Amino acid sequence: GPQVRTAMLRDGKPIMLEAGQDILIQAMGPAYKTWEGYKDDKETVIGISYKKLCQKVKVGDCIILQEGTIAVDIVEIVSPTVLRGVVQNSSMLGERKTCCIPGVSLDLPVLTAKDVYDLKHFCVKHLFDYVAAPRVQSKKDVELVRSTLDRVDV
């Protein structure tokens, strides 16, 4: 399924996020693959691939970055594409790391076209007993995976 990821970083170098520091997070959409976040003496700015981030979250929500190693509490929605948060724990942040926003429903499909192809032409062909789908948010998502598998002729 689709993943929400952090954007690229200036010079490709990880940045150190410190507990208690302010951070600006930009909702980049597809531009996250080329836009570069940074940390300098004045500010820390990172990007996230989910374009509708600022419309879906609210003050008080938490964004989990880098496979769960960094938490950022949202303290202000600055604009339709920028929010301000406070880092809750110190850790290095790298490029293209996964993000999640617990308790917030993101309007992302549970399966991409490639996922459907892989289910039909690889998993079924090789008689997989189980498959896992990231970003499952509802019973409907599970039913979609099941119905995709059910429509395969073996």
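The dialogue below moves from the chain to one residue.

Q: What does the model rest on?

A: This is a predicted model, in which local features need pLDDT of at least 70 and side-chain atom pairs count only at pLDDT 80 or more, while totals for chains, interfaces and linings use all residues. Residues are numbered from 1 along each chain as its sequence is written, and side-chain values use heavy atoms, with hydrogens and water left out.

Q: How many helices and strands does the protein chain have?

A: Helices (H or I, at least four residues) and strands (E, at least two) are DSSP runs, numbered from the N terminus. The protein chain has three helices and ten strands, and along the sequence their pattern is β-β-β-β-β-α-β-β-β-β-β-α-α.

Q: What percentage of the residues of the protein chain count as buried?

A: Buried means under 20% relative accessible area, exposed over 50%, and partly exposed in between (1.4 Å probe, protein chains only). Of the 154 residues of the protein chain, 38% are buried.

Q: Where is Gln-66 found, and is Gln-66 buried or exposed?

A: Gln-66 lies in the loop between strand E6 (62-65) and strand E7 (70-77). Gln-66 counts as buried because its relative accessible area is 15%.

Q: Which residues is Gln-66 in contact with, leaving aside its neighbours within four places in sequence?

A: Contact means heavy atoms within 4.5 Å. With those neighbours within four places left aside, Gln-66 is in contact with Met-92, Leu-93, Gly-94, Lys-97 and Thr-98. For the protein chain, residues 24 or more positions apart account for 63% of the contacts with a separation of 6 or more.
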